[in-house]
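Hi,

Here is the structure I promised to send over. Have a look first, and then read on for my notes.

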Amino acid sequence: MTSISREDVAHLARLSRLDLSDAELDAFAGQLADILDHVQAVSEVAADDVPAMSHPTAISNVYRDDEVRPGLTPEQALDQAPAADDQRFEVPQILGEE
């Protein structure tokens, strides 16, 4: 069983610039000890002939072919706009600049 003390957690908190209460220090000490125990258990069963993986099943990205498709014309894009000027959306000023 891995042991991590309350003082170890307080030291890590200081290094991380975290202000933890006494209750949080006690809780995190137990949680971090549990995490380290799990990592140790996994390390004990890991074999050299088993490759490291992030997922239990193989994952591959599925991409569609990159093909050119027709888009909207400027007129189609602006036909529902409340205001347009020179093929651009016209919006009210918000900074009072001209």
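Below is what I found when I went through it.

First, a word on confidence. This is a predicted model, with an average pLDDT of 87 over the protein chain. Of the residues, 96% score at least 70. Among the elements, helix H1 (residues 6-15) comes out highest with a mean pLDDT of 94, while helix H2 (residues 22-45) has the lowest mean, at 90.

**Salt bridges**

How many salt bridges are there? The count comes to four, and I'll walk you through some of them.

Start with Arg6. Its side chain meets that of Asp22 in a salt bridge, with 2.7 Å from N to O. This pair links distant parts of the chain, as Arg6 belongs to helix H1 and Asp22 to helix H2, 16 residues apart. Arg6 also meets Asp26 through their side chains, in a salt bridge of 2.8 Å, again N to O. Asp26 lies in helix H2 and Arg6 in helix H1, so this pair ties together parts that are 20 residues apart in sequence.

How open are these residues? Arg6 is partly exposed, at 30% relative accessible area. Asp26 also counts as partly exposed, with 44% relative accessibility. Why does Asp22 count as exposed? Because its relative accessible area is 52%, and the cut-off for exposed is over 50%. Through shared partners, the salt bridges join Arg6, Asp22 and Asp26 into one network.

Elsewhere in the chain, Arg88 forms a salt bridge with Asp86, and their closest N and O atoms are 3.5 Å apart. Asp86 is exposed, with a relative accessible area of 60%.

As background for all of these, side chains of opposite charge can pair when their charged atoms come close.

**The nonpolar core**

Which residues make up the largest nonpolar core? There are six of them: Ile4, Val9, Ala10, Leu25, Ala29 and Ala33. Helices H1 and H2 each supply at least two residues of this core, and the largest share, three residues, comes from H2. For context, nonpolar side chains tend to be buried together in soluble globular proteins.

**The nonpolar surface patch**

Leu12, Leu15, Phe28, Leu32, Ile35 and Val39 make a nonpolar surface patch of about 520 Å². The elements giving two or more residues to the patch are H1 and H2, with the largest share, four residues, coming from H2.

Take Ile35 as one member of the patch. You'll find Ile35 in helix H2. Is Ile35 buried, exposed or partly exposed? It is partly exposed, because its relative accessible area is 48%, which falls between the cut-offs of 20% and 50%.

**Further along the chain**

One more spot to look at is Gln76, which sits in helix H3 (residues 74-78). Gln76 counts as partly exposed, with 42% relative accessibility. How far is Gln76 from Glu44? Their C-alpha atoms are separated by 63 Å, and the two residues are 32 apart along the chain.

Cheers

Methods. Residues numbered from 1 in each chain as written. Predicted model: local features only at pLDDT ≥ 70, side-chain atom pairs only at ≥ 80, totals over all residues. Heavy atoms only, no water. pLDDT = per-residue confidence, 0-100. Buried < 20%, exposed > 50% of the residue type's maximum accessible area, 1.4 Å probe, protein only. Patch = residues over 30% accessible without salt bridge, like charges linked within 9 Å, V, L, I, M, F, W, Y side chains within 5 Å. Areas by Shrake-Rupley, 256 points an atom, 1.4 Å probe, with all protein chains shown as cover. Core = buried A, V, L, I, M, F, W, Y, C linked by side-chain atoms within 4.5 Å.
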